[in-house]
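Q: I have a model open and want to learn how to read its features. Where do we begin?
A: With the structure itself.

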Amino acid sequence: MNQILRLTTALAFGVLTALPAAAVELKIGLQDDADVLDPAQSRSFVGRIVYTAMCDKLVDVSPDLKIIPQLATDWAWSEGGKVLTMKLREGVKFHDDTPLDAAAVVTTIERNLTMAESRRKSELASVEKVEAAGPLEVKFTLKQPDATLLAQLSDRAGMIVSPKAAKELGANFGSKPVCAGPFKFVERVQQDRIVLEKFKDYWNKDNVFIDKVTYTPIPDSTVRLANLQSGDLDFIERLAPTDAAAVKGDSKLTYADVVNIGNMSIYVNVGNGARANNPMGKDKRLRQAFSLAMDREALMQIVFEGTAVAGNQPFPPSSAWFNKAVPVPQRDVAKAKALIKEAGFDRVPVEIQIPNNPVVQQTMQIIQSMVAEAGFDVTLKSTEFATLLDEQTRGNYQLSRSDWSGRVDPDGNIHQFVTCKGGLNDTKYCNAEVDKLLNEARASTDEKVRKQKYDAAAVILNDEQPMIYLGHQSWIWAMKKNVTGFTPSPDGMIRLIGLKKGS
Amino acid sequence: MVQMPVYIGKRLLVAIPTLLIISIFVFSLQKLLPGDPIMAMAGEERDPAVLEQLREKYHLNDPIPLQYVRWLGGVAQGDLGVSLRTNQPVLELIGQKLPVTIQLAIMSMFFAVIIGVPMGILAAVKKNTILDYIANLVALSGLSVPNFWLGIMLILLISVNLGWLPASGFESIFVDPVRSIQTMLMPSFVLGTGLAATLMRHTRSAMLGVLSSDYIRTARAKGLSPREVILSHSFRNALLPVVTLSALLFGELLAGAVLTEQIFTVPGFGKLIVDAVFNRDYAVVQGVVMCTAVGFIVMNLAADILYVLLNPRLRATL
């Protein structure tokens with residue numbers, strides 16, 4: 001026993017002396033492991049959290065979702081929204097000490113547009129060409145006006161990577177990513193950790209107070225919280241709503257949340273193959289009745305402990321894009337019954353496919369009993385996620401429960417879902433008027449014009465309801481009391497600029 | 001004993017068709033699963049042109065038999081393919097996870113054996129006494145308590161309340177042996193208790209069988225001490241089924257312990273294969289299953305060899 005004690009003391013002493021006294025290490029617990037660490041190829045949400053620390057973007061978004069400068073200090077639209085010119089920040093360096101200039105931006109954007117493995121092509125689809133207009137000035141020429149481009153450049157499509165590293169590593173860039181963010185890549189062990197350290201030449205280094213960041217994927221939220229409580233982690237993302245009260249009551253922890261920009265909805269197969277031939281797919285009155293039969297407010301209180309908000313549009317009621325003239329409906333069983341009767345039904349059989357996770361199952365069982373009172377006989381068909389996605393795309397479903405993680409620009413939360421040829425339009429809803437409104441909203445850089453178009457589309461969509469929106473979850477974080485300076489952002493990212501960890 | 005190498009060689013040759021059959025089986029089962037790996041991988045970003053390009057790149061549009069032959073050709077040259085999700089070579093992934101899984105398996109077996117075997121012997125020797133009942137109760141609890149529950153309870157008690165051990169994570173034994181053992185203690189204990197129950201039951205019944213045989217009565221009649229009768233005469237003979245069982249249990253551990261790994265975030269085979277199945281990451285699933293199958297076959301062989309070493313009578317049958 002004595003020997004063990006001596007050994008541990010010696011080891012502890014060794015570790016303590018090896019580290020400089022001032023090194024501040026922040027350990028963050030993520031829900032999943034990130035995929036490839038290449039902004040051009042990346043797909044996962046947690047990957048974006050890691051990039052927030054590692055890869056700066058041309059522009060960033062503020063907590064109220066406004067586009068703000070990051071690598072670009074200034075920008076302007078011209079030629080009727082077909083040309084975007086950006087001025088770059090001076091003196092910015094990549095982690096490999098090469099300078100970030102207009103040529104580097106052009107190389108990155110071209111890489112995103114042309115590399116076979118790139119997942120950024122559709123996000124940059126409107127870009128005709130990109131060129132250096134000066135050493136620190138970049139000019140984007142578009143095929144047609146695209147107001148969403150700035151929002152795309154505030155995410156992975158706008159993360160500028162070192163041309164030197166990109167050339168050397170090619171599609172293998174993710175094995176040793178080199179960007180221009182506050183932290184640089186150190187190592188990664190799959191499903192175990194991603195380690196970053198402070199980049200000494202970062203342009204905004206005076207506001208970085210952390211020396212080393214470790215991201216650890218821990219899928220189980222209870223275990224993630226236990227690791228925070230035991231002191232093995234400093235910060236966790238996506239705390240389960242059921243644990244919110246425990247964190248708020250813990251004097252050693254700080255709680256933070258914000259309603260996110262995504263949504264929870266139920267897809268109704270209105271035109272995707274033979275199975276669109278179902279009562280709810282054929283008659284909008286039944287979809288309206290289904291929507292009215294739900295008590296969304298109660299649902300959010302019960303399942304999400306009040307951390308989620310009820311909704312009936314792709315944007316949460318707190319968003320500037322929400323159409324206030326189409327409020328979230330109150331539960332009205334009598335009206336729902338009347339609509340069902342009007343549609344010629346007494347009881348309506350419905351099959352809903354749902355992913356097999358406990359929170360969704362609980363949500364849907366509550367909905368099942370709520371709508372039963374109005375006259376819907378709901379069968380829940382629980383499937384594993386990859387299968388659900390497959391069935392949904394192929395149209396082998398009547399109703400399907402689906403989540404959307406949300407995009408900064410409103411277009412990303414609506415256009416691809418409900419326009420006739422939208423990439424994520426699994427309901428195969430098609431309405432020329434909606435297409436026209438949403439295309440016009442996309443083309444205008446005038447926010448007032450865009451708002452007017454989205455409002456008009458919301459009225460039609462709320463009447464036809466190819467997607468029945470349920471509400472909007474919150475991002476919930478928990479951290480140790482000594483971690484300060486964190487600003488919750490509706491995009492769910494963990495920004496480390498300004499974040500401090502006391503002793 | 002001269003025949004031993006020949007025997008091992010023969011057994012390994014027989015293993016080849018077994019592995020082939022397993023590989024065909026796993027390959028076809030995966031293809032029967034609904035869901036498209038490229039789609040699962042794309043998640044929210046489904047750009048049809050990119051999806052098609054990726055399908056081409058990974059030859060997912062080819063007929064399934066052709067895909068299988070291509071895979072087999074790669075394996076023959078030591079190439080297990082790349083993970084669709086992370087672009088990492090499967091062999092490299094297995095190389096990262098296998099040491100973790102082996103360490104977890106060894107430590108779990110350690111707990112299983114030091115708890116299960118003595119309890120089994122005790123229960124058999126003190127048959128139908130209070131000690132026997134207690135051992136049975138402990139064994140039954142070990143079997144019935146779900147791993148994930150025990151795991152979370154241990155984390156809450158030992159890490160959160162007492163702060164004795166890290167709640168989860170992993171460190172390589174070659175980098176920091178102390179921390180490595182610390183992080184593995186709870187997961188291996190959780191896994192070990194479940195296995196200890198099985199071992200205890202089998203040790204007990206094997207011991208009971210031996211204890212009632214004639215030569216034990218003779219040994220007792222000769223006036224040998226109970227300790228000698230139990231440990232030298234009975235236990236050695238009772239050990240045979242226990243060894244087989246331990247080897248099989250060890251083989252099972254090599255397949256990864258999904259729930260335990262998930263709870264304690266141990267980056268081993270279990271988590272790797274579950275994630276791979278959910279993402280339809282065919283090459284990874286295939287690689288891990290094959291690796292596990294090899295592990296199983298080796299453990300079986302090890303059990304048979306140990307058998308012979310323990311039981312001289314079997315040497316003649318080689």
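**Strands, helices and contacts**

A: The model is predicted. Start with one strand pair: strand E11 (residues 235-236) and strand E19 (residues 474-480) of chain A run antiparallel and are joined by 2 bridges. Opposite A:Ala478 in E19(A) stands A:Ile236.

Q: In which order do the strands of the open sheet with E11 and E19 of chain A lie?
A: Read a sheet by its strand order, then by its pairing. Here 7 strands of chain A form an open sheet, ordered E8-E9-E10-E1-E11-E19-E12, and the pairing is mixed.

Q: How many residues lie between E8(A) and E9(A) in their hairpin?
A: For a hairpin, check the pairing, then the turn. E8(A) and E9(A) run antiparallel, with 6 bridges between them. A:Val189 stands opposite A:Arg193 in E9(A). The hairpin has 3 residues between its strands. In the turn, A:Gln191 has a positive phi of about 60°.

Q: What is the strand order in the open sheet of 4 strands?
A: The order is E4-E5-E7-E6 in chain A, with antiparallel pairing. Strand E4 (72-78) and strand E6 (127-134) of chain A are the edge strands. Neighbouring strands of this sheet are turned by 20° against each other on average, direction ignored.

Q: How many bridges join E5 and E7 of chain A, and what stands opposite A:Lys87?
A: Bridges first, then facing residues. Strand E5 (residues 83-88) and strand E7 (residues 137-142) of chain A are antiparallel and joined by 5 bridges. A:Lys87 stands opposite A:Glu137 in E7(A).

Q: At what angle do helices H10 and H12 of chain A pack?
A: For a helix pair, take the angle, the axis distance, the hand and the residues. Helix H10 (residues 296-304) and helix H12 (residues 358-372) of chain A pack at about 145°, with axes 10 Å apart. Their crossing is right-handed. H10(A) brings A:Leu299, A:Ile302 and A:Val303. H12(A) brings A:Val359, A:Gln362, A:Thr363, A:Ile366 and A:Ile367. By class, this contact has 6 nonpolar, 2 polar and no charged residues.

Q: Is the crossing of H12(B) and H13(B) left-handed or right-handed?
A: It is left-handed. The axes of helix H12 (residues 269-278) and helix H13 (residues 282-310) of chain B come within 9 Å and cross at roughly 145°. From H12(B) come B:Phe269, B:Leu272, B:Ile273, B:Ala276 and B:Val277. They meet B:Val284, B:Val285, B:Val288 and B:Thr292 in H13(B). The classes are 8 nonpolar, 1 polar and no charged residues.

Q: How many helices and strands are in chain B?
A: Count the elements, then ask how they are divided. Chain B has 13 helices and 0 strands. Its C-alpha atoms fill a box of roughly 85 × 55 × 35 Å along the principal axes. The domain assignment gives domain 1 (4-76) and domain 2 (97-317) of chain B. Their C-alpha centres lie 32 Å apart. The contact takes 17 residues from domain 1 and 12 residues from domain 2 of chain B.

Q: Which element gives the most to the domain 1 side of that contact in chain B?
A: H1(B), with 10 residues. By class, that side has 11 nonpolar, 4 polar and 2 charged residues.

Q: Which residues of chain A does the UniProt domain annotation cover?
A: Treat a record as a record. The unreviewed UniProt entry annotates residues 66-422 of chain A as "domain: Solute-binding protein family". In the model, that span is 29% helix and 25% strand, and its end C-alpha atoms lie 25 Å apart.

Key. Residues numbered from 1 in each chain as written. Chains lettered and ligands numbered in written order. Predicted model: local features only at pLDDT ≥ 70, side-chain atom pairs only at ≥ 80, totals over all residues. Axes fitted to C-alpha atoms, helices over the stretch in contact; angles between N-to-C directions. Left-handed = near helix turned anticlockwise from the far one by under 90°. Contact = placed C-beta atoms within 7 Å. Nonpolar A, V, L, I, M, F, W, Y, C, P; charged D, E, K, R; others polar. UniProt positions renumbered as here; feature names shortened; annotations may be inferred. Pairing = 2+ DSSP bridges. Domains from an automatic or database assignment.
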